[in-house]
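Open the model in your viewer and keep the selection tool ready. The tour goes from one stop to the next.

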Amino acid sequence: MRSLTTLDDWSAADVLAVFALADAYSEGRGPAKEGAAVMFFPPSSLRTRATFERGASLMGLQPIVFPDTTLDKPEALRDVAQYLDAWADIIVARHRDLSVIEGLAASHALPVVNAMTDVNHPCEVLSDLYSLRHRGDISELRYLFVGADGNIARAWQEAARVLQLDLVQCCPAGLATPGALWADDLDAAVRSADVILTDGPGPHAELLEPYRITAALLDLAPAGVRFAPCPPFVRGREVSADAVAHAAFVGHAFKAPLLAVHQAVMAFCLDLG
């Protein structure tokens, strides 16, 4: 039984298998599965919830959605999963606490997909890599993550370890993800980046203000650079308005493959490939 709690548990071959399934779903030939997918999402979830719910429905899985707080009861997570196993085929959960996702998966009752935690966001990064893959060999690109340690930063570190990506994090001293290749000179880092990634500043807005991505910075990057801020991004915060208007910005359609990738992750965990 496969689950996705962290990309560190997967191999490069697993990721490529998901990409192949995503190709199939994008082309309308992905595998179907009659059944149900139990999902846990907070009210604030937008893109992730929309694509998991829609994707499951298109596959033949009825989405049954609960608030994420449903998992905050004293009931043992293994009991939750084992009861759901009688009626559902897979669990998709977004919850702040990774240990909750891991607790559900540890029951081995049914596959569990991590739809975001405070520690990581593997599906988001898989979707970004899938989008970038359609524009070239992702293993040959130089990735620059601009921002502090957080779930997006850590998810990119997971992907870099699994796929051997050239990834550098740029932020003030003391805010980098443990183990990350780190730089604090943004101008210099941008000059060698093929893909520039950002995340919201969280509690570090003041310290990260000098690290805001602007059009002038993007002009320093190599030709063909792609600028992919993680939504929800805010103009005037981690990105400037002119950076979003810059030719390097990948555009909102860059996130369209979330649908196919989420279907592919579910299919892979259900062994439909």
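In which hand of crossing does H1 pass H11? H1 passes H11 in a right-handed crossing (left-handed if the near helix is turned anticlockwise from the far one by less than a right angle, right-handed if clockwise). This is a predicted model, in which local features need pLDDT of at least 70 and side-chain atom pairs count only at pLDDT 80 or more, while totals for chains, interfaces and linings use all residues. Residues are numbered from 1 along each chain as its sequence is written, and side-chain values use heavy atoms, with hydrogens and water left out.

**Stop 1: H1 and H11**

Select residues 12-26, helix H1, and residues 258-269, helix H11. Helices here are DSSP runs of H or I with at least four residues, strands are runs of E with at least two, and both are numbered from the N terminus. Two packed helices are described by the angle between their axes and the distance between the axes. The axes of H1 and H11 come within 8 Å and cross at roughly 125°. Axes are lines fitted to C-alpha atoms, for helices over the stretch in contact, and angles run from 0 to 180 degrees between N-to-C directions. H1 and H11 are therefore oblique to each other (under 35 degrees is roughly parallel, over 145 roughly antiparallel, 65 to 115 roughly perpendicular, the rest oblique).

Now show the side chains in contact (heavy atoms within 4.5 Å). Among them are Leu-21 and Tyr-25 of H1 and Val-261 and Phe-268 of H11.

**Stop 2**

**Stop 3: aromatic pairs**

How many aromatic pairs does the structure hold? There are seven (rings of Phe, Tyr and Trp, the last by its six-membered ring, with centres within 6.5 Å; planes under 30 degrees apart are stacked, over 60 edge-to-face, the rest tilted). Select Phe-41 and Phe-52, a tilted pair at 6.5 Å centre to centre with 40° between the planes. Phe-41 lies in strand S1 and Phe-52 in helix H2, 11 residues apart. Both Phe-41 and Phe-52 are buried (under 20% relative accessible area; exposed is over 50%, partly exposed in between; 1.4 Å probe, protein chains only).

Last, select Phe-233 and Phe-249, whose ring centres are 6.1 Å apart with planes at 80°, so the pair is edge-to-face.
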